[in-house]
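The sequence and the structure are shown first.

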Amino acid sequence: MVSGPAGPASGGTDDTSDRYRPGYELVAEQLLNYIAERNLLPGERLPTEKGLAEILGATRNVTREAVKVLAAIGRLSVRRGAGIFVASSPGALGDDRFLAHFRPTSMEHVLMLLDYRRLIESETAQRAATLATPIEVRAIREAAHTSLEAGKADDIESFGRADELFHDAVGIAAHNVFLRSSVANIRSFAAQSDVLLFHGDVPGSLQIAGAQHLAIAEAIGAGDAESAVRLMAEHIATTQTQFERKIRDRLFNQPEHPTTPAATSPPAEERPQTSAS
């Protein structure tokens, strides 16, 4: 039996903050640990909702909310009349057995993800600076400008759309479908952390991210591969710094009103999955 939702979450955040975290979030974290500990593979069936509640030491209502959130971010698949299953990672490259065990509330896993992102996106930026066509450069610049304007307006939804367009446009300009797929896959994993740790909020300044997008776009447009690599690496490093700062704020600046495991989450459709990146 895995540790209950009010106890320390293996690989997650500091247990001193658990009393301030929504019950569904703690149970979702424990459920991901349960899947990892048992090495369950994509497509494998989980116990029933009632069974999971008993295993995790949680109420049915909180367990139901946790399952809804994990299904919304693509970690579980709920099939009416069939049960709850470990979901496949959409667009994942390689062996899903490992990717299925990514824990979005584990700082270790998130830092590994950012390190991988730095490697992949720096290479993508370098190739884009070398291979981008004028039309592709225009698409990158337009997305960067849009993200900056959305960042200045603090418009999370508009920024999210522009952010996705920008990174995908750089991937297209690299002329390598596997690099483009890797970038998209990394972002889908980052969105899981945004939902479970920040409830769809962003870990840093949208305006800073937009300005960095624009600088990267200009380097790619100028064919300056060296600057494109450096600026993309700095962009990912800024994202990491902002993420770590947000985690510290979350742990040490919480309001004095603990949330019990009976707390429920806001509807999944109301939580934007956006990262300031």
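The sections below proceed from the overall architecture to individual residues.

## Overall architecture

The model is predicted. Its protein chain contains ten helices and two strands. Read from the N terminus, the order of elements is α-α-α-β-β-α-α-α-α-α-α-α.

Of the 277 residues in the protein chain, 49% are buried. Among contacts in the chain with a separation of 6 or more, 77% link residues 24 or more positions apart.

## Nonpolar cores

The largest nonpolar core comprises 27 residues. Within this core, the residues with the most contacts are Ile140, Phe166, Val170, Ile216, Ile220, Ala228 and Phe243. At least two core residues come from each of the helices H5 (107-131), H6 (134-152), H7 (156-173), H8 (177-198), H9 (206-221) and H10 (225-252). The most is given by H10, which contributes seven residues. Apart from this core lies another, with 23 residues, including Leu46, Leu56, Ala58 and Val62.

Which residues does phenylalanine 166 touch, not counting residues up to four places away in sequence? With that exclusion, phenylalanine 166 is in contact with Ile140, Ala143, Ala144, His213, Ile216 and Ala217.

## The pairing of H6 and H7

The axes of H6 and H7 come within 8 Å and cross at roughly 160 degrees. Angles over 145 degrees count as roughly antiparallel, and H6 and H7 are therefore roughly antiparallel to each other. Their crossing is left-handed.

On the H6 side, the contact involves Glu136, Ala139, Ile140, Ala143, Ala144, Thr146, Ser147, Ala150 and Gly151. These residues meet Ser158, Phe159, Ala162, Asp163, Leu165, Phe166, Ala169, Val170, Ile172 and Ala173 in H7. Classified by residue type, the contact of H6 with H7 has 13 nonpolar, four polar and two charged residues. Ile140, Phe166 and Val170 take part in this contact, and these three are also among the residues with the most contacts inside the largest nonpolar core.

## Isoleucine 135

Isoleucine 135 belongs to helix H6. Is this residue buried or exposed? Its relative accessibility is 58%; the threshold for exposed is over 50%, so isoleucine 135 counts as exposed.

Isoleucine 135 and alanine 173 are separated by 38 residues in sequence, and their C-alpha atoms lie 9.4 Å apart in space. Alanine 173 is one of the H7 residues that meet H6.

Definitions and conventions
Residues are numbered from 1 along each chain as its sequence is written. This is a predicted model: local features need pLDDT of at least 70, side-chain atom pairs count only at pLDDT 80 or more; totals for chains, interfaces and linings use all residues. Side-chain values use heavy atoms; hydrogens and water are left out. A nonpolar core is a set of buried Ala, Val, Leu, Ile, Met, Phe, Trp, Tyr and Cys residues joined through side-chain atoms within 4.5 Å. Buried means under 20% relative accessible area, exposed over 50%, partly exposed in between (1.4 Å probe, protein chains only). Helices (H or I, at least four residues) and strands (E, at least two) are DSSP runs, numbered from the N terminus. Contact means heavy atoms within 4.5 Å. Axes are lines fitted to C-alpha atoms, for helices over the stretch in contact, and angles run from 0 to 180 degrees between N-to-C directions. Angles under 35 degrees count as roughly parallel, over 145 as roughly antiparallel, 65 to 115 as roughly perpendicular and the rest as oblique. A crossing is left-handed if the near helix is turned anticlockwise from the far one by less than a right angle, and right-handed if clockwise. Ala, Val, Leu, Ile, Met, Phe, Trp, Tyr, Cys and Pro count as nonpolar, Asp, Glu, Lys and Arg as charged, and the others, Gly among them, as polar.
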